[in-house]
Amino acid sequence: MVAPLLLNKLLAHGDTVGRIVEVEAYAGFEDPASHAFRGETPRTAVMFGPAGHLYVYFTYGMHWCANVVCGEDGTASAVLVRAVAPVEGVEVMRTRRLAARRDRDLTNGPAKVCQALGLDGAHDGADLVSGDRGVRLLDDGTPPPADPGVSTRIGISVGTEHEWRWFVADDPFVSSARGVRPRDPDGGVREVPRAATPPGGGPR
DNA sequence: CTATAGATGCCCT
DNA sequence: GGGCATCTATAGC
């Protein structure tokens, strides 16, 4: 699985940049939760193309979500970017996400990421390496976490047995993830989606 | 903090 | 027409 390797990479669009802190893998033909499970359609065409492009889809009548296509040509594997931590352009993100009352709400969900970074259907199929539409996937040298948090995926009704969600443990921008099963309750859960707030909070 | 309901439009059967 | 890879406001603890 290459999905957890995307953790701590940067997703950049224009003046806004976010560090990827939460992802989910979707495995095409083998995965009933994937949009590509039933084969190629106009909507899913990009996923069947080469890796390194962006698959952007529209859902729930109002939200855009973005994926990094990562399979070989024809395999339709994709990684959903579920959350990023703002790195640059926070002021711009605030103007795009007026509903966000706290900064953590700017980018702690897949549709929030697209709204904050200004991504929509116009970016479906964009090349993340050449940056042909202004969207790039960058590496600033920060390695992926050695021991990322793992859980089942969020918001799906099939394929729920796979623990194909990875996140940077303890990062405040990881989504709240209600109704998600952490890894192996009895076999040693390494991380839970949320770090418990220590008594007394942080510094003062 | 948790839980719930409603918004809203496209895709595919 | 059914079902969404979601988010927000609101209510209650």
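Select Thr44 to begin: leaving aside neighbours within four places in sequence, Thr44 is in contact with His35, Ala36, Gly39 and Tyr55, where contact means heavy atoms within 4.5 Å. The model is predicted, so local features need pLDDT of at least 70 and side-chain atom pairs count only at pLDDT 80 or more, whereas totals for chains, interfaces and linings use all residues. Residues are numbered from 1 along each chain as its sequence is written, chains are lettered from A and ligands numbered from 1 in the order in which they are written, and side-chain values use heavy atoms, with hydrogens and water left out.

Thr44 is found in the loop between strand 2 (16-26) and strand 3; helices (H or I, at least four residues) and strands (E, at least two) are DSSP runs, numbered from the N terminus. At 1% relative accessibility Thr44 is buried; buried means under 20% relative accessible area, exposed over 50%, and partly exposed in between, with a 1.4 Å probe and protein chains only. Display the distance from the Thr44 side chain to the backbone nitrogen of Thr41, which is 3.0 Å. This is a polar contact, that is, a pair of N or O atoms within 3.5 Å; within protein, one must be able to donate a hydrogen and the other to accept it, and residues adjacent in sequence count only if both atoms are side-chain atoms.

**Aromatic pairs**

Next, select the rings of Phe, Tyr and Trp (its six-membered ring), which pair if their centres lie within 6.5 Å; planes under 30 degrees apart count as stacked, over 60 as edge-to-face and the rest as tilted. The count comes to three aromatic pairs. One of them joins Phe29 and Phe48, edge-to-face at 5.8 Å centre to centre with 65° between the planes. Both residues lie in the loop between strand 2 and strand 3, so the pair ties together parts that are 19 residues apart in sequence. Phe29 is partly exposed at 47%, whereas Phe48 is buried at 11%. Phe58 and Trp64 have ring centres 4.8 Å apart and planes at 55°, so this pair is tilted. Phe58 is partly exposed, with a relative accessible area of 38%, and Trp64 is partly exposed at 29%.

**Strand 5 and its partners**

Now select strand 5. Eight of its eleven residues are buried, so strand 5 is largely enclosed by the rest of the structure. Strand 2 pairs with strand 5 in the antiparallel sense over nine bridges; two strands pair if DSSP finds at least two bridges between them. Within strand 5, Val81 stands opposite Val23. Strand 4 and strand 5 also run antiparallel, joined by three bridges, and Val68 has Val79 of strand 5 as its bridge partner.

**DNA strand C**

Finally, show DNA strand C and the 21 residues around it, of which His35, Tyr57, His63, Asn67 and Arg97 come nearest; a residue is near a strand if one of its heavy atoms lies within 4 Å of it. Sugar and phosphate account for 59% of the atoms of DNA strand C that come within 4 Å of the protein. Among the contacts to phosphate oxygens of DNA strand C, a polar side-chain atom of Arg97 lies at 2.7 Å, a side-chain N or O atom of Arg82 at 3.2 Å, and a backbone N or O atom of Gly155 at 3.5 Å. The elements giving two or more residues to this surface are strand 3 (54-59), strand 4 (63-69), strand 5 (78-88) and helix 2 (110-117).
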